[in-house]
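Here is a friendly tour of one protein model. Have a look at the structure first, and then we can walk through a few of its features together.

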Amino acid sequence: MPQPPTRREFLHASAASAIVLSRTFRNVMAAQTRPNIVFLFSDDHSLQTIGAYKTRLQTFINEHDLTPNLNRLAASGGVFERSYCCNSLCGPSRAAILTGLHSHANGFVGNGDRFDGSQWTMPKTLQAAGYQTAMIGKWHLVSEPTGFDHWDILPGQGSYYNPDFLTPEGRDHREGYATDLIGDAALTWLRGRDTTKPFLLMCQHKAPHRAWMPPERYVSLLEGVTVPEPDTLFDDYVGRATPASEQEMEIGEHMRMAYDLKVRPPLVDSDTLPGEFGRMTEAQKIAWDAAYVPRNTQFEQAALTGRDLTRWKYQAYMKEYLRCVKALDDNIGRVLDELTAQGLDDNTVVIYSSDQGFYNGEHGWFDKRWMYEESLSMPLIVRWPGEVAPGSRFQPMVQNIDYAPTLVEIAGGRASALVHGRSLVPVLKGHTPDDWRTSIYYHYYEFPADHRVQAHVGVRTDQHKLIYYYPVDEWELFDMAKDPQELHSVYADPAYAAVVADMKVELDRLRAQYRERPYPPASA
Ligand code: CA
């Protein structure tokens, strides 16, 4: 027969159970108070076209009220002013965000790759920690999403008009405009989620990716307005390595009249129109024709050539791009309003980013890929009530490889030591560690491919940027303080010999740190 416990045994057992109870209680409390995370994302959205960023277009964007919701998000949180991608392309940036790893390590280096969803990812860790996880919108990683309780994604690049979506149940065709439909799906999920658990919602838009198809409500937005031209719209590429002049992404030379600029037959062949036109309903076509048929007539009558034609193309491109941005901003606002309506503002971290930056006519270009500043930069805005002081402007250099460890730490965990990125949580809280990185590593692989941007690696520090086009063994060095538009490589300038040497050491150090592959043999 068991003996009754002695007083000492009783006290010891009681204390132990109190500790257990206390831990359980703390876990319950933690489950209720761990922040929700809403990751709002887009495709090819440049810093130049966000009113919260100090860029050449900031005044114009705000005068025309194109990003009021992103501006309000920024005002209530912080803006990272030196935020960069590791490989300026859609799929690779998304893979880096999920894994915290540079492209060579996560295996997704170019858009032809297939994401290995069996590797460690941030959403898997949050899911295992009790978060509800959802992926809605543009996924673009070929394989099915892993680590998400719910997914509702566009196949591949997806369509702007009447798109199909992929879910675990199969393909679903929806009538409407992709940006609005992605917003609808995010709101539906937010309203139907399990309210006893914290959540991660990744809401990823297709906009403003090429071919820049605006919604019916904005087809005439900015009509008659002149968008400011960049200083470098007619860049001659003198002063840089040969790849800058050998690309195929010039607005003047390579933009497609029908596909990109919506010029209509009879001025163009009807088979060069975007496939999106074939997806439209009759009502959608009527709304488009009302705006574009008169525009086509004006364009024909103007009979533009040379630089005048390039200027017309720039205006047409920018207006289509900004019309898509305006619809994107609308849907950012819808999610922010829903969080407020559900009383979630105080305990929800809201992040806005885009997979990389974009050229809005700078260097005469559209598209991305380069390590030059406009495409290297990523917007990054974070609202975290109680932790990020409203109106903060963050200067530390950060990269998309930092997002995974950051989100894991926000959720109360710690990412694997094998991850390349570093948690931004101390930066967000205003305590940047003394040993924060002073340089970033970059590697773009996809050549030959659309736009013919040569493969390159590089390193950027506070003041300098070294780029190596290894297949053709050419280098560039830019002094970002003296030449922020990157127009004059000083690689061969004897005054910069010591800087070149130091930057090469730093490039090699980063390549070793990240266990980067050796350079392939130079092409003939
Ligand atoms: Ca992109």
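## The calcium site

Q356 has a relative accessible area of 0%, so this residue is buried. Please keep in mind that the model is predicted. D44 is likewise at 0% relative accessibility and counts as buried.

Both residues belong to the set of protein donors of the calcium ion: D43 (OD), D44 (OD), C90 (SG), D355 (OD), D355 (OD), Q356 (OE1) and Q356 (NE2), at 2.2 to 2.9 Å from the ion. Along the chain, the donors of the calcium ion show the spacing D-D-x45-C-x264-D-Q. D44 sits in the loop between β1 (36-42) and α2 (58-63), and Q356 in the loop between β9 (348-354) and α12 (373-376), so this pair ties together parts that are 312 residues apart in sequence.

## Two crossing helices

Helix α3 (residues 68-75) and helix α11 (residues 306-341) have axes that come within 7 Å and cross at roughly 50°. The two helices are therefore oblique to each other.

On the α3 side, P68, N69, L70, R72 and L73 take part, meeting K326, D329, D330, I332, G333, L336 and D337 of α11. The residues of this contact comprise five nonpolar, two polar and five charged.

## An enclosed strand

Strand β14 (residues 456-461) has six of its six residues buried, so the rest of the structure largely encloses this strand. H456, G458 and R460 lie on one side, with V457, V459 and T461 on the other, and both faces are covered.

What are the pairing partners of β14? Y444 has H456 in β14 as its bridge partner, while V459 has L466 in β15. Two residues separate β14 and β15, which form a hairpin.

Notes: Residues numbered from 1 in each chain as written. Predicted model: local features only at pLDDT ≥ 70, side-chain atom pairs only at ≥ 80, totals over all residues. Heavy atoms only, no water. Donors = N, O, S within 2.8 Å, 3.2 Å for Na, K, Ca; no water. Helix = DSSP H or I, 4+ residues; strand = E, 2+ residues; numbered from the N terminus. Buried < 20%, exposed > 50% of the residue type's maximum accessible area, 1.4 Å probe, protein only. Axes fitted to C-alpha atoms, helices over the stretch in contact; angles between N-to-C directions. Parallel < 35°, antiparallel > 145°, perpendicular 65-115°, else oblique. Contact = heavy atoms within 4.5 Å. Nonpolar A, V, L, I, M, F, W, Y, C, P; charged D, E, K, R; others polar. Pairing = 2+ DSSP bridges.
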